Amino acid sequence: MKAEQPPVMRMFSSLAQQQQVDFQLKETSPYLGGGRIVGGRMILSEKAGAYDLVEKMEYLYIRVVKARDLPAKDITGSLDPYVEVRVGNYKGITRHFEKNHSPEWNHAFAFPKERVQASFVEVVLKDKNLVKDDFVWTVRIDVNEIPTRVPPDSPLAPQWYRLEDKKGEKLSKGELMLAVWHGTQADESFGYATHCDAIAGVDPHTLSNYIRAKVYHSPRLWYVRVNIVEAHDVFALDKSRVPDVLCKARLGNQLLRTKVIQSRTASFFWNEEFMFVAAEPFEDHLVLSVEERVAHNKEEELSRVHIPLTTIEKRTDDRIIKSRWWNLKEDKFSGKIHARICLDGGYHVLDESTQYSSDLRPTAKQLWDPPVGLLELGILNATGLHPMKSRETRGTCDPYCVAKYGHKWVRTRTSVDELNPRFHEQYTWDVYDLATVLTVGVFDNCQLGEKGFGSSGGNKDAKIGKVRIRLSTLETGRIYTNSYPLLVLHNSGVKKMGEIHLAIRFSVTSMLNTISIYSKPLLPMMHYVRPLPVIQQELLRHQAVQIVAARLSRMEPPLRKEVVEYMSDAHSHLWSMRRSKANFFRLMSVFSGLFAVWKWFCDVCWWKNPATTILAHILFIMLLCFPELILPTAYLYMFLIGVWNYRFRPRYPPHMDTKISHVEAVHPDELDEEFDTYPTSRSLDIVRMRYDRLRSVAGRIQTMVGDIATQGERLLLLLTWRDPRATAVFLVHCLCAATILYVTPFQIMAAVWGFYFMRHPRFRQKLPSAPLNFFRRLPAKIDCLL
């Protein structure tokens, strides 16, 4: 009887298929900017405004400006006033002022109009020191009488409102200045207003600043080139022996040192060059110190000099900078150090992964070309986010989005306690190069405690996922509305943390200028005139990421270090068995076309399909008779393939592929090794096992590299008489071949070679040919290896 397939296998198969569908990008057709997006085009149903890539969200804005002539609550006359704004079940609270009868708050609140169910807006002025709300004054405003403001209209002028007591009677003195209007997220108050639906039930004074939308600009980075030439009049601590002297160069947290020099005189010569990364404004000084090595890993400082970077000369090309002498001490008879220092503005300082760079411009602004296009991003909403923490015995999340392109970072507002947040915020960037990548990341705000704010602030914001979009894959003028799966790799494997819905549009100012970019160098001129070694570039990139993270973390609210490192792929250079396998299979897929052509040619030679072989012979004869048709035929063939593939062109930007990333069949221990700290924190047995595995993999790579080197050495050593008999045979063969080729037309020789390779299997033998046997017997340098 036929055995049925086990149900477990079918379950695993269906689960894998479901995951494959969930991990794919989906195209959506949302209503944005007054119209619906269909096939990348907007079908307008009303006039589109400036925010046409996001859904219009209406808000009720209330701006509490100030108060005047407030009455005293008792005979002491003290009053600590603050304002509480109530709209239905939502409320917002301003900060309080101590003993102030004319306070100024200038605090704006935003209430989503769809959640406003009250008929009146109630603005209550209270005293902080009162336990009960016996001493309050109110202002009531009818919601139906509130005007609507649409930018670019000027801001609504605030007006004075007379305060009322609890009985509804107007006070003889005491007024509150308010501005109340209906608006959208295009209102300029949207960015700094307190969103009361997000802070319901928590303390707003410390929380509101951590959930607002912000725009950050990363500092402009410079390469600092330091060439330490020599030092004079530097005397050692112990004059009875020959000193070991070196020079250290320090800039912030970056420290580099020269080699150790011995000299019986007071002069030391190094002539070594170093590179540092500095950010504007230049806060740190370059410190050059001359030190004597007195013991192993111990140096004693002899003298030093502090050099402000603001006094250093800047250059945009490779012209020679004049060297200078600096005094190492402040006294009259100080030593001197000779150095050549400059700020190199002709380079682009890499502060992100080179594969996903969002900016390729040099540091110096005078070298910048005008922008070629405009990138518009609409961050719509996220759905199905995975709970990242627990609050009140239930899973929750406080998500926000961060988008990075060039020097501009944007951060959306935080949706507190929301697994399906709605952002609908739109941002724009100038585009200077198409070979750049926009990165959008989603994070969980872990700085909010149960009461609304964590006082320590030591928690790290958890990553939910990110999306990369390469601008060169976008069509001009098309609106891409897609749902991107948020994929994160954990120790247990890849996991979908939810989906992010984005709307993207790329437009160009001049198509001719855009096409001309493809003929220009990818990096600035200095990268080719004076290239930096790859290892040095990686070290400088690490320093640049740390500087950018430190600067952005000093802004308010801070863009935290873990966010900057995750967006910049700061740890992409670390070893990963999974990534090594993925790159190997990528390399195999690159050569798969050549392997397929070679397999097809072998089938032709072995007459697997006689009709195909006969057609190949006919084509071969035609190309021999008309060799001038070879190149035109090849180009015409590629043109026809490209035209044929136009029907199957991708309709959306590429996204992360779990199969290409090799996360579907990855071993759990390989994932644990990838997430291990550096240096390792695992036990000795696990490290030994992984080291042995790495040695095994490296051994196979070593053997493959050795085999390739052996084949190349056999060709190079063929004419060096390393094997006298083989070289003599080859020289005789070369002489005979030269004579035959000289008197025989090329077409005849090519026909003989072609028909010989495509001969019938009846005239073939399974043993290797004589030329192959001859080549395999040639010597190589492997005999000289230890």
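Reply: First a term: helices (H or I, at least four residues) and strands (E, at least two) are DSSP runs, numbered from the N terminus. This is a predicted model, in which local features need pLDDT of at least 70, side-chain atom pairs count only at pLDDT 80 or more, and totals for chains, interfaces and linings use all residues. Residues are numbered from 1 along each chain as its sequence is written, and side-chain values use heavy atoms, with hydrogens and water left out.

Me: What takes a positive phi just after α8?

Reply: W607 does, at about 55°. W607 is not a glycine, and W607 lies in the loop between α8 and α9 (610-625). Most residues other than glycine have a negative phi, and most peptide bonds are trans.

Me: Which other non-glycine residue has a positive phi?

Reply: E392, with phi near 60°. E392 sits in the loop between β26 (389-390) and β27 (395-396), and counts as exposed because its relative accessible area is 65%.

Me: Cis peptides next. Where are they?

Reply: One runs from E280 to P281, with omega near -10°. P281 belongs to the loop between β19 and β20 (285-295). Another joins E556 and P557, with omega about -5°; P557 is in the loop between α5 and α6.

Me: Stay with α5. Which of its residues are buried?

Reply: L540, R541, A544, V545, I547, V548, A549, R551 and L552. Their cover includes β14 (214-217), β15 (221-232), β17 (254-257), β19 (268-279), β29 (408-411) and α6 (561-568). Helix α5 (residues 534-552) has 19 residues, which should span 27 Å, and its end C-alpha atoms are 27 Å apart, so that agrees too.

Me: What does D318 touch?

Reply: M526, V529 and R530, not counting residues up to four places away in sequence; contact means heavy atoms within 4.5 Å. D318 and M526 are 208 residues apart in sequence, yet their C-alpha atoms are 7.1 Å apart. D318 is in the loop between β22 (314-315) and β23 (324-327) and is partly exposed because its relative accessibility is 38%.

Me: Where is V136, and how far is it from D165?

Reply: V136 is in the loop between β9 (120-127) and β10 (137-142). V136 and D165 are 29 residues apart in sequence and 6.7 Å apart in space, C-alpha to C-alpha. V136 is buried because its relative accessible area is 12%.

Me: Last one, H107. Which strand holds it?

Reply: H107 is in strand β8 (residues 104-112), and H107 is buried because its relative accessible area is 15%. Beyond residues up to four places away in sequence, H107 touches I62, R63, V64, I93, T94, T194 and R212.

Notes
Buried < 20%, exposed > 50% of the residue type's maximum accessible area, 1.4 Å probe, protein only. Expected span 1.5 Å × (residues − 1).
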